[in-house]
Amino acid sequence: MPVDLSHDPRVTELAERTARFVREVVVPEEERHDGVAAAGGEALRTRLQAAAKQAGLFAPHVSPEYGGHGLDMRDRTTVFEEAGWSLFGPLALNIAAPDEGNMHLLEAVASAAQKERYLRPLAQGEVRSCFAMTEPAPGAGSDPAALTTRATRVTGGWRIDGRKWFITGADGAGFTICMARTSGEPGDRGGATMFLVDAANPGTKVVRHISTLDESLYGGHCEVVFDDCVVPDEAVLGEVDKGYEYAQVRLGPARMTHCMRWLGIARRAQQIALTRAASRELFGSRLADLGMAQGMIADSEIDIAAARALTLQACWELDQGRSGAQSTAIAKAFTAEAVWRVVDRALQICGSLGVSGDVPLNRFLREVRPFRIYDGPTETHRWAIARRAIRRNEQSHGNDQARGDEQARGNEQARGAEQAHGNAQTHGDQQVRGDQQAHGDQQAHGDQQIRRDQQAHGDPR
Ligand SMILES: Cc1cc2nc3c(=O)[nH]c(=O)nc-3n(C[C@H](O)[C@H](O)[C@H](O)COP(=O)(O)OP(=O)(O)OC[C@H]3O[C@@H](n4cnc5c(N)ncnc54)[C@H](O)[C@@H]3O)c2cc1C
């Protein structure tokens, strides 16, 4: 099947307008607040989002029914990358984590009533939200099956009890999408359910802000307790016990939108390095003319181009309705490391200036580092990527063997038939049947395996 990676002119125009808006309106705000969104408070969020609405750039990923532009995953790549040029760009356009991923999930899974109550105000920027999956050890983290938060049946609803941490944006969120175990025991691969929990529910409480390396995401990373938190049946998102399946609806796309946004920061870091390298004179020449600096510049160009291509290809697969398990894992693992390398090289090229607060590189470095941990740590992805590759190889050997055996049997049979009836048709029929069977087996086995893999490496942002 041919792969078309070009964007519609309408999308290209939207990306260009986003780029202008971010440079003219958002970057000055980012500089004023040293990249820390919380420093500007609710007033900053409201101001930036009002400006984005005015510019016709708001919530580009949400369907027009809820006030957005309805961009598919592929078209999001270019617009989100331009928004990501500033740490505050995604907040301005209402495409920051975790709200963006939550909107995607709600559009896909929520009932009509839940969409009106939760998705519409979220898409309008009237409320914020958070996604609560990760728990302190020994609970859910890289392995979501370790989920310990439990929801127990009560009359007319459920009671949730458990402790979550690293819940981005929890402080001030209007509601939480909480993953809780409704059947089975920690370690079991199924039995989770997603619940929509209002902030006003007396059973949920933000108990602390966790001090972290990164500070740009609005609402911080919080520890949240669910204690005797009673919710009605209508709070169940989708169906009971299907939480892990819905997490996949959110996870693949959310990983890719993180890649897009951080690519914007990588490009900005590279531009800072290029500008510095062109103006800094040392050892009788421009830094830009020295080979080792050129090597770093070239490596960063390669990292950016490769990360963009991998992300785009994975998004194309998601748009085709494919699972994208392998391609999103590859794109995420590569991009998280590539973005880090690009920012680190830019800082190196700038020397002490890079370490200083006179350019935002030290801030960028702190912001991009956790991306190697959330959305599935790099090691979890590498583990899953390798296992799929090993299985694919084993399957193709098995199938080659099966095809060979079938063919040999077919040849023998056909020879016999030809001898008996002078009929050569048999050979072809046998071969087609053998091929169909091998292909069918491979597909069925592959699908099962993908479903199992998708359940591994959690990370919900
Ligand atoms: C900035 C930030 C924001 C976050 N926001 C949210 C949020 O909004 N909501 C939410 O629910 N969670 C959030 N998280 C949590 C995030 O999802 C988890 O940190 C992540 O899933 C990893 O879980 P863990 O921290 O418990 O690490 P652990 O599961 O304890 O893993 C520790 C380390 O083990 C290694 N490892 C993992 N798998 C393998 C493997 N197969 N082989 C070898 N080594 C391996 C990796 O190096 C990993 O870093 C956030 C985390 C961060 C850092």
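Student: What should the 26 residues of helix H9 (residues 325–350) span at 1.5 Å a residue, and how far apart are its end C-alpha atoms?

Tutor: Happy to look! This is a predicted model, so local features need pLDDT of at least 70 and side-chain atom pairs count only at pLDDT 80 or more, while totals for chains, interfaces and linings use all residues. Residues are numbered from 1 along each chain as its sequence is written.

H9 should span 38 Å, and its end C-alpha atoms are 38 Å apart, which agrees. The expected span is 1.5 Å times one less than the number of residues. Helices (H or I, at least four residues) and strands (E, at least two) are DSSP runs, numbered from the N terminus. Of the 26 residues of H9, 19 are buried, so the helix is largely enclosed by the rest of the structure. Here, buried means 20 or more other C-beta atoms within 10 Å of a residue's own, exposed means 12 or fewer, and partly exposed lies in between, with C-beta atoms placed from the backbone. Just after H9, glycine 351 takes a positive phi of about 60°.

Another glycine with a positive phi is glycine 156, near 75°, in the hairpin of E2 and E3, which has 2 residues between the strands. Strands E2 (residues 150–154) and E3 (residues 157–168) pair in the antiparallel sense over 5 bridges; pairing requires at least two DSSP bridges between two strands. Within this pair, valine 154 stands opposite glycine 157 in E3.
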